[in-house]
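Morning, everyone. Please have a look at it first.

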Amino acid sequence: MNDSGKKVALVTGGARGIGRAIAIGLASEGVSVVINYQSRHDAAEEVAGVIRAAGGESMVYGADVAKDDTVKSMVNEIATRWGGIDILVNNATTHRGGRIQSLSHEEWDMVLGSALGGAFHCCRYVVPGMVERRWGRIINLSSYVALHGFPGDCAYGTAKAGLLGFTMSLAKEVGSRGVTVNAIVPGFVPTDMTRGLFDTPEKLEREMQKIPLRRPGTPEEIADMVNFLVFKGQYVTGTVIRVDGGLAM
């Protein structure tokens, strides 16, 4: 919590797509938001600019969450500037696809290091402060692929499935200290990562036929669920919540 009494959120991978919407959504509720990015400083500053223009507080921080020491420095700097982190959204993911025989060790390590390792590193340094203050919200962004698989996505599916076990175990660790931990599983949401699924009208129509609501989701709909878990979900922990239009039924 910062000096003004506002809650402080760290959103990893907050410069684009779903992370961007989550950062803006939290800020709209009066949260001071730290936008973590790995390489897109310009995009992160754009999001921070949107938040500031609406009267909110935001800072950007470039860090590869796959690296433990880098995350430690980031969390310490945020604590120095704004106090402890009250809300952590583990959204950062590096995606590398490919059939198993062509997937390199480097690509495998990169994907697991960003999505799964990144959540571990962030929680490792953020959780102690939450436990001390006896309040915290941790939200991990998983994927439909974690539940149902997708050809060429062994690394991504493994990382995102690992987040589900991580979520439930950590929820049991910290629940008695007022900290909730939940996972969100988005369905098909148009972002840079999913662009290939929607790049022709034919592909879009084929994918929409799999969804009972017959439309893709929006980043803002994922952000709405994050806000619910932060502000209304005090009795919700260890859960995996699908926001997918019924896709996974």
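This is a predicted model. I start with a pair of helices: helix 1 and helix 8, residues 219-231, pack with their axes 8 Å apart and at an angle of about 45 degrees. Angles from 65 to 115 degrees would count as roughly perpendicular and those under 35 as roughly parallel, so this angle makes helix 1 oblique to helix 8. The crossing of helix 1 past helix 8 is right-handed.

Which residues make the contact? On helix 1 they are G17, I18, A21, I22, G25 and L26. On helix 8 they are P219, E220, I222, A223, V226, N227, V230 and F231.

Now helix 2, which is residues 41-53. Helix 2 has 13 residues, and at 1.5 Å a residue they should span 18 Å. The C-alpha atoms at its ends are 18 Å apart, so the two values agree.

Which residues of helix 2 are buried? They are A43, A44, V47, A48 and I51. Because they cover an arc of only 140 degrees around the axis, they lie on the same side of helix 2.

On the face of helix 2 turned away from the buried side, D42 and A53 are exposed.

Terms used
Residues numbered from 1 in each chain as written. Predicted model: local features only at pLDDT ≥ 70, side-chain atom pairs only at ≥ 80, totals over all residues. Heavy atoms only, no water. Helix = DSSP H or I, 4+ residues; strand = E, 2+ residues; numbered from the N terminus. Expected span 1.5 Å × (residues − 1). Buried < 20%, exposed > 50% of the residue type's maximum accessible area, 1.4 Å probe, protein only. Arc of directions from axis to C-beta. Axes fitted to C-alpha atoms, helices over the stretch in contact; angles between N-to-C directions. Parallel < 35°, antiparallel > 145°, perpendicular 65-115°, else oblique. Left-handed = near helix turned anticlockwise from the far one by under 90°. Contact = heavy atoms within 4.5 Å.
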